[in-house]
Amino acid sequence: MSTKVSPGVENQVYHGGDMKVFSPLDTMRHSAAHIMASAVLEMFPDAKFAYGPPIENGFYYDFELPRSLTPEDFPEIEKRMRRLIESGEPFVREEISRERALEMFADQPYKVETINLLPENETISIYTVGPFTDLCRGPHVENSGRIGPVKLLSLAAAYWRGDENRPQLQRLYATAWPTQGELDEYLWRLEEARKRDHRKIGKDLDLFMVSEQVGGGLVLWLPKGATIRRELENFIVRAEQRAGYKHVYTPHIGKIDLYKTSGHWQHYRDSMYSPIEVEEEEYILRPMNCPHHIVAYKHGLHSYRELPIRLAELGTVYRYEKSGELTGMSRVRGFTINDAHIFCRPDQLREEFVRVVELIQELYHAVGFRDYVYRVSLRDPADTEKYVGGDEMWAVAEDAIRDALDSIGAEYVEAVGEAAFYGPKLDVMVRDVLGREFAASTNQVDLYLPEAFELEYVDADGSRKRPAMIHRAPIGSLERFFAFLTEQHAGAFPVWLSPVQAVVIPIADRHTEYAEEVAANLRGEDIRVEVDARSERMQHKIREAQLQKVPYMLVVGDREREAGAAAVRLRSGEDLKAQPISEVLRMITKDIKERR
Ligand SMILES: [Zn+2]
Ligand SMILES: [Zn+2]
């Protein structure tokens, strides 16, 4: 469930401008928000009401109450809501004058403010269901009996109109579904999401930490998490090397002029940190790696025959996120992108773009992403403030992406207004085990930065030409990818990524020497192995290794020692009985090699 407080009021139900169109499910949930407000009013006659919009998978209402609600209040509120739902009260709409509205809601300061914000000619409507009347544009269900099973979920603090200088309200989150079965399914998904939460697993398995002493949103990768990251990095770098990329290392800061030339300073400043002054020059913690790679490209004069030049880096960047929005590894202030910039001739653009899509597909296959869709993110031509470059440049870049995708028969949806400030992009949206969607990869065409930095190559006839650029990040940031993998596998990483791939468990002290011998054998094959030589009971050690999600547990006692074997148990609980050490080695190395 989300306890994140939305920054604005874009979802509010009564306001001029673009109200989003409610789906039938939104309408039902928003109607349930009225019912929830009504129940709260019964309990707190002095309650002040703000907004109660539907959101993804549910709804909320913001209240000002004489005391703080706690989850102990939920059963009482739910009971009252159910009574109102069962009564099948109609939602009655009435249109009233502004004067009448101000009079009716005189003791509701947030409603008064809302009324005063409505444009002159706006029709003002109120809806009454049972004892509760709310200022609302609707729509609602016909009567409360049409509202499905409801469940209160959580509480959060929220500022009135998202403004931290305005009063702090209590936001009560809830959900409603057409049937009990769908509600149960959703609650199961929430519970599963809680169990799989990478912040919880990261702590249980000692993978990473975030410390207030270091700073919010700044991740410390602990040895086990760092092992997983190193494996991922090696895997990515090798795949890129095979695909013709050359890797570079560049610094995390750069002079401010670099970002003025690139346009980041003008168009991306909200996500950047203040400049650092060094010997009267200003430096910026880089929010993107592009300018450094561009300067690296300019190191020499390139002939048309050298192109494409593909410069890659696991490049660390820093972006400002509000402290309230920081979340484990998925919303952080410093992160590492599996980045690359491809400099190519315009006639190579389509093929290069397709090659990136193929690389994305290859990586996805290897890490088990099966459920994904392509989204082409375009500029919003009406929003001239947000984007650089002219219409023609955008048309060429946008068509290049469509062409490339069409040439391989890929299906895609288009999203207007989601482009980067310098160019359109392909976003690959991945769905996780719980059905949540996020943009995992991006592949962007850029004709602007080559212009801004006056990039050149020498063409066949000796003339100087502008190359085109592609920015791409097949797995996005290592941090977010790691959060995804952790939740996808619930901490039971595939063997190749597991920080400890096998633990050898001697049954008694006298078996420790043999256990060390077995471990040395595995280590010789680059298998990450530990010996649990503590004088705990064997069952206890097995249980602990299972909790740590170690894929292989190798138990050794007298019989195993005599046979040169180990009793193999898997973290799933499966017992493979005694296996010769050569067979154990074969099994584990096969799993690693096949990335199972
Ligand atoms: Zn309403
Ligand atoms: Zn870039």
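A few ground rules come with the model: residues are numbered from 1 along each chain as its sequence is written, and chains are lettered from A and ligands numbered from 1 in the order in which they are written. Because this is a prediction, local features need pLDDT of at least 70 and side-chain atom pairs count only at pLDDT 80 or more, while totals for chains, interfaces and linings use all residues; side-chain values use heavy atoms, with hydrogens and water left out.

So how does the chain look overall? The C-alpha trace spans about 85 × 75 × 55 Å along its principal axes. The chain's secondary structure comes to 18 helices and 28 strands (DSSP runs numbered from the N terminus: H or I of at least four residues for helices, E of at least two for strands). Of the 596 residues, 51% are buried, meaning under 20% relative accessible area with a 1.4 Å probe and protein chains only; exposed is over 50%, and partly exposed lies in between. Taking contacts (heavy atoms within 4.5 Å) with a separation of 6 or more, 70% are between residues 24 or more positions apart.

Confidence is given as pLDDT, the predictor's score for each residue from 0 to 100. The chain averages 92, and 96% of the residues score at least 70. Residues 1-13, though, have a pLDDT below 50, with 40 contacts in the model beyond near neighbours in sequence. Residues 15-19 also stay under 50, with 12 contacts beyond four places in sequence. Where pLDDT is low, the predicted coordinates should not be read in detail.

Next comes the metal. Which residues hold the zinc ion (ligand 2)? Cys-290 (SG), His-341 (NE2) and His-471 (ND1) coordinate the zinc ion, at 2.0 to 2.3 Å. Donors here are N, O and S atoms within 2.8 Å of the metal (3.2 Å for Na, K and Ca), and water is not among the atoms, so sites may look incomplete. The spacing of the donor residues in sequence is C-x50-H-x129-H. Distant parts of the chain are linked this way: Cys-290 sits in helix α10 (residues 290-297) and His-471 in strand β23 (residues 468-473), 181 residues apart. Both Cys-290 and His-471 are buried.

Finally, there is an open sheet of 3 strands, ordered β12-β14-β13 with antiparallel pairing; strands pair if DSSP finds at least two bridges between them. At the edges are β12 (253-255) and β13 (276-278), each pairing on one side only. Strand β13 is joined to β14 (residues 281-285) by 3 bridges, and Ile-276 has Tyr-283 in β14 as its bridge partner.
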